[in-house]
Every structure is written in C-alpha cells, then in structure tokens.
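Here is a briefing on one protein chain. Look over the sequence and the model, then read the points below.

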Amino acid sequence: MKYDSLASEILAGVGGRDNVKSLVHCATRLRFKLRDGGRADTAALKKNPGVIMVVESGGQYQVVVGNHVAEVYRAVNRAGGFGEGAAGGDGADDKPDNLLSRFIDVVSGIFTPLLGVMAASGVLKGALALGLACGWLLESGGTFKTLFAASDSLFYFFPIMLGYTAGKKFGGNPFVTMAIGGALTHPLMMAAFDAAQQPGAAREYFLGIPLTFINYSSSVIPIIFAAWVSCRLEPWCNRVVHSALRNFITPLLCLAITVPLTFLLIGPAATWLSHLLANGYQSIYAFNPIVAGAFMGAMWQVCVIFGLHWGLVPLMINNLSVLGRDTLAPLLLPAVMGQVGATLGVMLRTRDAKLRALSGSAIGAGIFGITEPAVYGVTLPNKRPFIFGCVGGALGGAVIGYFHTATYSFGLVSVFTFAQIIPAGGFDATVWGAIGGTLLSFCFAALASYLFGVTPAEAATAEAAAAAPLNRKEQILSPIAGELLPLEQVNDATFASGLLGKGVAIAPQQGRVVAPVAGRVASLFKTRHAIGIESDDGAEILIHVGIDTVRLDGLHFTAHVQEGDRIAPGDLLIEFDQAAIRAAGYDTTTPIIISNSDDYVDVLTSGQSPVREQAPLLTLLR
C-alpha cells in the first residue's frame with residue numbers, strides 16, 4: 001500500500017482516470033494510452049520524486065518509475081479502478097500515428113508481459129552453462145535435467161505463451177489463440193515433423209491438400225500471425241452466430257479454421273519470413289561485425305529512450321529460434337555497461353549529495369540491465385556523461401563484434417549475459433572478447449565522465465549550494481491584483497493537494513499577469529493560459545490562469561512574451577478576458593506555484609488580501 005500515494009499523483013498527472021484508455025508496464029515504465037495527451041501534466045510528473053522521467057513514444061505516454069514498477073502498476077490500477085491491462089475499458093479506437101509506432105506498440109504489447117520470466121529463464125540457462133563449463137554439473141545428472149527443464153520450458157512452448165499475449169493484444173479470446181499455439185507444439189505434430197525428416201517418408205494431407213510439417217517449438221512469428229488471423233475471424237463469427245451458441249461455436253470456428261490454415265499457409269509463410277530475417281541480419285553482421293558492433297553499442301540507449309528497442313527484441317529471439325545463437329544481444333552489453341560506467345564517474349566527481357545518491361542506486365540497477373534510472377536520472381540530464389557512455393558502448397561493441405561473440409539463450413542484457421555467452425565447449429575467445437569489450441566500455445565512460453562529465457564550474461556551484469546558509473530569503477511579488485486564497489481552496493485536486501508545489505491562489509480583479517521577479521520565461525503554454533518563470537535566484541514559478549482553461553485552446557488569452565525572453569518585475573506577460581472566460585463557464589482563480597518547493601525550507605505567504613499587483617506575495621526560505 002506504500003505506493004498508493006504515488007499512484008494517485010501519477011493518475012492526476014496523466015489527466016485523471018477518465019483520460020486513461022489503457023495501461024500496461026514493462027521493466028521500469030508505466031505505459032499509458034491517453035484519450036487526450038494535452039490533459040497530461042508532464043512537467044509536474046517529471047518533478048515528482050517518485051518519477052524518474054516521462055517519455056512520449058510509440059503512441060504511448062510512458063512514466064518511468066524504476067524497478068518497483070510492478071507495485072506502482074498495481075497501485076495505479078487500484079486508484080483508478082482499472083482492470084489489469086485494460087484501464088479505461090475501451091482502447092479500440094487508439095491508433096498510433098504511423099507504421100513504425102504501430103509496430104512498436106504491437107511488439108511491446110505482446111512481449112512486455114513475458115519479459116520478466118524470459119529474463120529469468122535466460123539467466124538460469126546461463127547459470128547452467130557456467131556450471132557445465134566449470135565442471136560443477138553433469139549434463140546427464142538429475143540436477144541439470146531438472147533445472148534445464150525449468151529454464152527451457154518457456155522457450156520450448158513459446159507459441160503457447162505468445163498465443164496468450166498476442167490474443168490479448170489483438171483484442172480476441174486469448175485462450176483460443178493460446179490453444180492455437182498449443183496445436184503448433186502438440187506431440188502429434190512434433191512426431192509428424194520428426195517422421196517427415198526421415199528418408200522416403202510418406203506425405204500427409206489435410207482434405208487433400210499436402211501438409212508441410214515444421215518444428216514450431218521456440219518459434220515467434222508464426223503464432224503472432226496466426227493469433228492475428230484468429231482475432232480478426234472472431235468478430236465475424238460473433239456477428240453470424242446466435243448469442244445462445246456464441247460461447248462455444250465462435251471458439252470452435254476459430255480453432256477449426258485457423259489451426260489448419262496455420263499448418264497449410266500461415267506457418268510456412270511465417271517460417272520463411274523468420275529465416276529471411278535471420279539470414280538478412282546475419283548477412284549484415286557478416287559484412288562487417290566491427291562496424292555493426294560499434295553502431296549498436298553507440299545507438300542502443302538512444303533506441304531505449306524512444307522505445308524503439310522493442311523492434312529488435314523479436315529479432316534476437318528469432319535468431320535463437322532459427323540459428324540457435326544470437327550475435328545481436330552481446331553487442332548491447334557495452335552500451336549498458338557504458339552508461340553504468342558514466343554514472344559511476346558522475347557519482348565519484350559530483351559534490352551534489354542528491355545526484356550522488358541517485359547515481360549510487362542507478363549503478364546497482366544498471367548492472368542488472370535496468371539503465372533507465374542511470375540514463376534519465378544521471379547521464380542524460382548532464383548530457384556529456386550520456387555521450388561518453390555511448391562512445392564507450394561503440395568502442396566495446398566493436399571489440400565484441402571482432403570476436404563474433406554470441407548468446408545461446410534470451411535474457412535482459414546485464415551482468416548475467418556473461419554466463420549466457422558461454423558455448424557448449426566451455427570458455428573460448430568469444431567469451432574473453434565480450435569481457436574485454438565490456439570492461440573497455442565501462443572504464444572509458446567512467447574515466448571520461450569523471451574528468452569531463454561534471455565541469456569544475458558545476459562542481460563549484462554544487463559545493464557552494466551545499467555550503468550556503470539555510471536562512472537566505474527570496475521575495476516573490478504578486479503578478480495579479482485580487483483576493484488571496486489558500487491553495488487548498490482551489491477547485492482542482494492537483495493544485496489543492498500541493499502536488500505541483502507550494503504557493504497561493506488569487507481571484508483576479510483584472511485580466512493581466514505581470515512578471516513577479518527578474519529572470520526569464522522558462523515555458524509558455526501554446527494555449528497561453530499558463531507560464532513558467534525561472535528567477536535569477538533559482539525559483540521556478542508557475543502561473544496558471546484559471547481552472548481547466550487549457551480547454552479554451554488559447555481563446556481569450558494574449559501573450560506578450562515568448563519562451564526564453566528576459567523579464568523584469570512588472571513586465572506585462574499575459575492578458576486575458578476575464579468576463580469571456582467566466583461566460584464560457586470557467587473559474588478564473590489563478591494558482592501561483594513554486595514548482596521547486598523542495599529546494600526551500602518553506603514557502604510563506606507574505607501578502608495580505610486584497611493584494612495589489614507587484615505587492616509582496618511569497619517569501620521563499622532557503
């Protein structure tokens with residue numbers, strides 16, 4: 001229950017439960033689909049201490065919360081009253097903008113629910129390979145066989161697992177598509193495949209049409225296509241079948257039509273596509289594995305930021321299914337450890353206690369393959385460490401490409417990957433090449449980030465801030481004339497709860513907003529109803545004219561400044577037509593929020609009602 005408060009804040013930040021179409025999660029992110037992205041308060045979510053970063057990609061609004069994402073996900077479902085994976089109840093009309101976004105959305109939706117168990121199975125397989133290489137286990141022993149069955153069951157019956165998740169993603173009955181996956185791996189079909197490999201084996205037919213038997217165990221693409229066909233067939237069956245018979249006739253028709261169609265057409269065509277993808281990747285890799293390694297090592301974390309990495313997950317699994325090995329995953333090891341090394345360099349160099357603590361926790365997560373805390377919390381905000389991590393990834397990836405390292409099971413790219421790259425014959429040059437390339441990436445990124453990632457000026461600023469007395473004050477003048485109201489009386493839960501920061505509200509007497517401090521315009525909403533200001537002393541001030549006035553889409557508002565402009569106290573920022581806004585049914589009460597309230601000991605109201613324009617309003621205590 002300790003995540004319920006964070007869940008409520010996240011739900012408010014995405015625009016409320018009614019703005020959520022659907023919700024799933026992956027290793028570190030809550031992946032929302034929103035009805036209206038404009039209602040989400042991204043700036044507020046980014047400032048929430050429980051949120052690492054907010055990313056909009058692939059038609060999804062992604063809130064990165066870290067390793068405890070599963071607990072937060074359940075808390076959000078409780079807070080919103082959502083059914084698991086189906087928040088809001090109707091995401092059917094939600095279509096990502098382009099083909100790439102749709103592809104990423106489909107792939108992430110199918111593979112995300114299995115990510116944890118896939119990683120666990122891969123790590124267990126790697127541990128068994130390490131045990132064999134070191135002589136701790138015997139392949140003929142009962143211990144090895146038992147643990148191997150545990151590690152291999154997911155991948156052997158992959159069509160069944162993917163049948164379920166694909167059925168849910170495509171909006172059909174997941175148990176029907178799961179049964180289709182079961183048919184692909186049924187012992188009768190596996191025996192028929194083995195028999196077909198024998199010389200002079202008799203051909204088998206389905207209603208006079210020759211059957212092509214393929215080993216679908218561990219396959220990926222055939223069941224996804226078969227599930228899509230079944231889910232398209234299901235609504236048609238529901239329309240033509242009487243409601244009294246629909247519960248069993250529709251699944252009957254889906255199975256009776258889709259399973260034979262898969263063995264006759266979908267399976268062979270999808271298997272051909274699988275081999276084409278695997279061989280195509282191998283051709284690119286064989287052309288110059290050093291260049292391929294440098295490219296993937298440099299660009300992997302960029303792909304992660306935009307959610308594009310999901311497009312490569314099926315390729316890795318397909319390589320394992322078709323080729324029995326995958327040379328793509330090892331190239332990503334330096335990319336992951338490069339960001340870990342860069343984070344270590346920042347932690348050792350910075351004098352900012354908060355950044356040092358964040359770096360320490362991010363290093364632990366990064367070693368185990370979760371780099372979002374390091375990237376979003378440490379390296380990317382400081383820019384240079386992220387670049388050094390990518391350069392280190394390129395150097396290490398080139399080395400691993402040179403040694404042709406491969407993995408023999410699937411899992412999250414992490415420290416455990418070193419066990420998954422051990423071939424059946426034991427340690428060889430490919431293993432030592434992976435270790436050397438990863439160490440090169442880690443050490444380069446750590447050293448470069450330590451020397452150049454945090455500049456002396458930034459270090460001095462952090463040191464001065466740490467040594468500054470706690471009784472410094474900053475005065476904020478009133479940007480509006482009117483009646484003062486405590487923030488908790490504002491008719492908006494997000495403002496009233498103090499989620500966005502401490503402050504005060506004003507019921508305006510006239511339709512103008514002036515600058516409350518000397519500083520610059522940090523942000524100006526395109527609807528002109530709200531403006532963010534950064535004072536020369538570091539205060540971040542949000543002035544939000546009215547409640548829900550974003551819905552006016554800029555009507556009745558006139559901006560007199562632009563983002564980035566320098567301002568002095570009293571400069572005219574915004575004019576608004578109070579009467580017209582009220583006539584449209586909106587409350588003009590204006591919250592004035594100190595967005596970075598956590599940087600201060602307290603935020604005190606120093607003005608008295610009614611307050612005049614440019615009269616003292618708030619006092620900030622450092």
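**Overall build**

Among contacts in the protein chain between residues at least 6 apart in sequence, 73% join residues at least 24 apart. This is a predicted model. The points below cover the chain as a whole, a position listed by UniProt, and a set of aromatic rings.

*The chain as a whole*

- The protein chain has 622 residues, and 50% of them count as buried.
- Its secondary structure comes to 22 helices and 19 strands.
- The C-alpha trace spans about 95 × 65 × 40 Å along its principal axes.
- The accessible surface of the chain is about 27800 Å². Carbon and sulfur atoms hold 61% of that surface.

*The listed position*

- UniProt lists Cys-26 under "active site", in an unreviewed entry. That annotation may be inferred rather than shown by experiment.
- Where does Cys-26 lie? Cys-26 is in the loop between β1 (20-25) and β2 (29-34).
- Is Cys-26 buried or exposed? Its relative accessible area is 9%, so Cys-26 is buried, the cut-off being under 20%.

*Aromatic pairs*

- A pair of aromatic rings is described by the distance of the centres and the angle of the planes.
- With ring centres within 6.5 Å as the rule, the count comes to ten aromatic pairs.
- One of them joins Tyr-156 and Phe-157, with centres 4.9 Å apart. The planes of Tyr-156 and Phe-157 stand at 75°, so the pair is edge-to-face. The cut-off for that class is over 60 degrees.
- Tyr-156 is partly exposed, at 32% relative accessible area. Phe-157 is also partly exposed, at 33%.
- Phe-557 and Phe-576 form a tilted pair. Their centres are 6.3 Å apart, with 35° between the planes.
- Which parts does this pair tie together? Phe-557 lies in strand β14 (residues 557-559) and Phe-576 lies in strand β16 (residues 572-576), so the pair links parts that are 19 residues apart in sequence.
- Phe-557 is buried, with a relative accessible area of 4%. Phe-576 counts as buried too, at 7% relative accessibility.

*A charge over a ring*

- Which ring does the charged end of Arg-349 sit over? The charged end of Arg-349 sits over the ring of Tyr-450. The distance to the ring centre is 5.4 Å.

Conventions: Residues are numbered from 1 along each chain as its sequence is written. This is a predicted model: local features need pLDDT of at least 70, side-chain atom pairs count only at pLDDT 80 or more; totals for chains, interfaces and linings use all residues. Side-chain values use heavy atoms; hydrogens and water are left out. Rings of Phe, Tyr and Trp (its six-membered ring) pair if their centres lie within 6.5 Å; planes under 30 degrees apart count as stacked, over 60 as edge-to-face and the rest as tilted. Buried means under 20% relative accessible area, exposed over 50%, partly exposed in between (1.4 Å probe, protein chains only). Helices (H or I, at least four residues) and strands (E, at least two) are DSSP runs, numbered from the N terminus. A charge sits over a ring if NZ of Lys or CZ of Arg is within 6 Å of the ring centre and within 35 degrees of the ring normal. Contact means heavy atoms within 4.5 Å. Accessible areas come from the Shrake-Rupley method with a 1.4 Å probe; for residues, only the protein chains shown count as cover.
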